[in-house]
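User: Here is the model I want to go through. Let's take it one topic at a time.
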Amino acid sequence: MAWRNAAAILRTGFAAFAAATLALSANWPAYRGPDATGVGDGKTLITWNADASRGNLRGIRWKTPIPGLSHASPVIWGDRIYLATAVSKSGNAPLKIGLYGAGDSAEDAEEQSWVILALDKNTGRPAWQQIAHKGVPKVKRHTKATHANTTLATDGKRLVAFFGSEGLHVYSLDGRPLWKKDFGVLDMAPFNDRSLSWGFASSPALFEDTIVIQADVKKDAFLSALSAEDGRELWRVARGDVSQNSWGTPGIMQAAGRTQVVCNGYPYIVSYDLKTGKELWRLQSEGDIPVPVPFLHDGLIYVANAHGGKSPLYAIRPDASGDISLKNGSRSSSGVVWSQERNGSYLSTPVAYQGMVYATTSNGIFKAYDAKSGEKFYEQRLGDGKTGFTSSPVAANGHIYITSEEGDAYVVKAGRTFEVAATNPFGEIVLSTPAIDSGVMYFHTRGHLVAVGEDDWDKLGQLRGGTELRVFRKGSREPLNAQLGEATAENLVVVVGHQQSAIARDQIDRIDARPSSARPVMRETKSRETVDTKGKPERSYSSGVSVGSKPGFETVYRRR
């Protein structure tokens, strides 16, 4: 009996461990994914085409229109993708991209609806949507920003949206409102010109039933921890003395026997104990408009901030304590393992992958460092130097993916030598950071959510014309028996009898094909001895006994 109980416990424990491991690997729960690392799983594509003006679409599983204007990144849990957007009542939301230094606010003060969307991960079809808030924006935004800059966060139990002045909103994963909280007006501006308004951009961080929000605003800046269950404030610390401005998302990380919240800010980067809000360490920052999110990789905390005289990247010990600021021109200290003075990551967060750290400047200078020592291996340009880069790089399948504001995704091979493997067009503006799940990348463009991954439809292009098909149209159990004419991005052209017709891709559930390389059909000849009418023996022959057959049908496409 005892061994049976022990076996049951082991099975239960293993199942729980497997489920937890699957949840970690198969979900992208917040900005930049698990632990904000920007590293995905699966065999992501190297080449694709999402711009129909440059030829047939390739490697595109689906492409769904997204209303409004938003820089939010998609988050993923299970079979759902969640995304936030702001929809202007007039339908007109201006956006200015490119390389420029003006800090002007956009003319976008009309009534907005802050909307949360849920989509089916496999098909891109809408599952539900909720309007979290409707009204005239309480603060202005930068010309390159939106009224929905922040990314949602989920732990599989709830979905958290934080829109700054428009409040914190928490939903169940099926769209049921759970609770909300108003923090008043949260107006963000650069430290040296408080007359400007650039909009809110710090996404919520969610860790073990605790929500952390960072609000380094013009007045009464703060960091707050709240119960994810009901919104009760667990603690709040003032940040006005350590940060005059920051658009960074707080990074929550477990290392050195403690869980800490690291906040990018100016003039200090500061770490706090998650349970109490007590300050653990601080580092005087050298970039004066911080945006990147801090993250932990292989035993070190990485923080980048830029703008101003310097634009450093720091590698920090997770057990650091007290003031670890750099002194007397040194690039290291008791808590800083190494730092690069001119890394240049301003709007995007670097990514650490396979022992390297990769970073992109706003004008496309791509740099690679040794993650442990900070040694720089190369510094190369992506694009022509006239294009802006806001989306953060992500990594998967031995490559780094960096997308320009004009919608060209550069794929750089991971390693010490610079090698661009491919450049893939979207034909749309892209400022959001993609999500990755099981080999599929999800890009939020100016007007769409695009799933980039190996597509079964592409297999049709490898079949010979005339291949026998069984086409199962949408809602029909009976197949259409036909021969393949050709497969375009949008249609399947088939031949039935002598008639050619086109079937729209979105009207097809499944396609089976009989392989053209048929096995040879062998025919066996048999003989038997008989007697003729005169009593003489004779031998008769029969044939046509098949010992081979045509191959069966195989499914080559199934609508996701």
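User: How does the lining of the largest cavity divide by class?
Analyst: The lining of the largest cavity has seven nonpolar, six polar and two charged residues. Here Ala, Val, Leu, Ile, Met, Phe, Trp, Tyr, Cys and Pro count as nonpolar, Asp, Glu, Lys and Arg as charged, and the others, Gly among them, as polar. This is a predicted model: local features need pLDDT of at least 70, side-chain atom pairs count only at pLDDT 80 or more, and totals for chains, interfaces and linings use all residues. Residues are numbered from 1 along each chain as its sequence is written, and side-chain values use heavy atoms, with hydrogens and water left out.

User: How many cavities of 30 Å³ or more are there?
Analyst: There are two of 30 Å³ or more. A cavity is a set of points, on a 1 Å grid over the protein atoms alone, where a 1.4 Å probe fits but cannot get out; a pocket is an open set with protein on both sides within 12 Å along at least five of seven lines; lining residues have an atom within 4 Å of a point. Grid points are joined across faces, edges and corners, and a volume is the space filled by probe spheres set on the points.

User: How much space is in the largest cavity?
Analyst: About 110 Å³. Of its 15 lining residues, Val-139, His-147, Phe-163, Glu-166 and Phe-200 are the closest to the centre.

User: And what lines the second largest cavity?
Analyst: Its lining consists of Ser-70, His-71, Leu-95, Ile-429, Val-430, Leu-431, Ser-432, His-444, Thr-445 and Arg-446. By class that is four nonpolar, five polar and one charged, around a volume of about 40 Å³.

User: His-444 is in that list. What does it stand opposite in strand 34?
Analyst: His-444 stands opposite Leu-449. Strand 33 (residues 440–444) is joined to strand 34 (residues 448–452) by four bridges, and the two run antiparallel. They form a hairpin with three residues between them. Strands (E, at least two residues) and helices (H or I, at least four) are DSSP runs, numbered from the N terminus, and two strands pair if DSSP finds at least two bridges between them.

User: What is on the other end, between strand 32 and strand 33?
Analyst: Another hairpin, with two residues between the strands; Ser-438 in the turn has a positive phi of about 55 degrees. Three bridges join strand 32 (residues 435–437) to strand 33, again antiparallel. One of the bridge pairs is Asp-437 with Val-440.

User: Why is strand 33 described as largely enclosed?
Analyst: Because five of its five residues are buried. Buried means under 20% relative accessible area, exposed over 50%, and partly exposed in between (1.4 Å probe, protein chains only). Val-440, Tyr-442 and His-444 are on one side of the strand, with Met-441 and Phe-443 on the other. In a regular strand the side chains alternate between the two faces of the sheet.

User: What share of the whole chain is buried?
Analyst: 53% of the 560 residues. The chain has one helix and 42 strands.

User: Changing topic: how big is the largest pocket?
Analyst: Its volume is about 1100 Å³. The lining has 47 residues, and Lys-144, Val-291, Tyr-346, Leu-347 and Thr-390 lie nearest the centre. The classes are 18 nonpolar, 24 polar and five charged.

User: Where is Lys-474, and what is it in contact with?
Analyst: Lys-474 is in the loop between strand 35 (468–473) and strand 36 (480–487). Apart from neighbours within four places in sequence, Lys-474 is in contact (heavy atoms within 4.5 Å) with Asp-506, Gln-507, Ile-508, Asp-509 and Arg-559. The C-alpha atoms of Lys-474 and Ile-508 are separated by 5.1 Å, though the residues are 34 apart along the chain. Lys-474 counts as partly exposed, at 45% relative accessibility.

User: Which residues have a positive phi without being glycine?
Analyst: Among them are Asp-209, at about 65 degrees, and Gln-354, at about 50 degrees. Asp-209 lies in the loop between strand 10 (205–207) and strand 11 (210–215). Gln-354 is in the loop between strand 24 (351–353) and strand 25 (356–360). Asp-209 is partly exposed at 35%, whereas Gln-354 is exposed at 56%.

User: Last one: is the peptide bond from Tyr-266 to Pro-267 cis or trans?
Analyst: The bond is cis, with omega near 15 degrees. Pro-267 is in strand 17 (residues 266–273).
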